Amino acid sequence: MLSFGLLLFGGALFFISCFNPAVMSRYFILIAAPIGGAGVGLNLLLFNYIVQTYSDKEHLGKVYGFINTLTSAVLLTAPLLGGMLVKLAGAQTTFLAAAIIIVSVGFVSMLMPLRDKQERNVQIDA
């Protein structure tokens with residue numbers, strides 16, 4: 001399901017990269033918004049479920065602290081790096097590159113062999 005969420009989000013970015021305001025109405029962007037939102041929402045919900053289910057109850061606070069630290073770092077650096085990429089390569093190229101990367105990760109993760117389904121208690125060291 002996480003892979004499917006990545007495919008949805010990557011597909012929305014691909015649609016945005018193909019958007020041409022001279023030919024298309026600006027309302028076509030509204031098609032990509034719910035698709036991308038569904039992908040991001042699916043990934044957020046499943047990620048939180050996985051963290052809560054498979055983390056030790058004693059280390060859950062440490063795991064969430066680490067995740068929040070990484071999330072804050074990404075939220076601070078992503079707009080700066082994205083702005084630089086848009087300035088250097090252009091908006092459509094940047095969206096297309098991001099879409100290709102995200103869809104590739106989604107496809108690769110779908111094709112990877114699944115671990116033993118009997119193994120339900122995965123221990124995550126914090």
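## Overall fold

The chain's secondary structure consists of four helices and zero strands. Read from the N terminus, the order of elements is α-α-α-α. The model is a predicted one.

The chain has 126 residues, of which 17% count as buried. Among contacts with a separation of 6 or more, 70% are between residues 24 or more positions apart.

Helix 4 covers residues 91-111.

The buried residues of helix 4 are Thr-94, Ala-99, Ile-102 and Gly-106. Because these residues cover an arc of only 130 degrees around the axis, they sit on the same side of helix 4. They pack against helix 1 (2-17) and helix 3. On the face turned away from this buried side, helix 4 carries the exposed residues Ile-101, Val-108 and Leu-111.

## Thr-94

Thr-94 is a residue of helix 4. Its relative accessibility is 18%, and buried means under 20%, so Thr-94 counts as buried.

With neighbours within four places in sequence set aside, the contacts of Thr-94 are Leu-85, Val-86 and Ala-89. Helix 3 spans residues 60-89, and the buried residues of helix 4, Thr-94 among them, pack against helix 3 as well as helix 1.

## The second largest pocket

Rolling a probe the size of a water molecule over the atoms shows where empty space is left. The second largest pocket holds about 420 Å³ of space. Its lining is made up of Leu-2, Asn-43, Leu-44, Phe-47, Asn-48, Tyr-64, Ile-67, Asn-68, Leu-70, Thr-71, Val-74 and Leu-75. Two or more of these residues come from each of helix 2 (29-54) and helix 3 (60-89).

Helix 3 gives the most to this lining, with seven residues. By residue class, the lining of the second largest pocket has eight nonpolar residues, four polar and no charged. Asn-43, Asn-48, Asn-68 and Thr-71 are lining residues that fall in the polar class.

Key:
Residues numbered from 1 in each chain as written. Predicted model: local features only at pLDDT ≥ 70, side-chain atom pairs only at ≥ 80, totals over all residues. Heavy atoms only, no water. 1 Å grid on protein atoms, 1.4 Å probe; cavity = no way out; pocket = protein on both sides within 12 Å on 5 of 7 lines; lining within 4 Å. Points joined across faces, edges and corners; volume = space filled by probe spheres on them. Expected span 1.5 Å × (residues − 1). Buried < 20%, exposed > 50% of the residue type's maximum accessible area, 1.4 Å probe, protein only. Arc of directions from axis to C-beta. Contact = heavy atoms within 4.5 Å.
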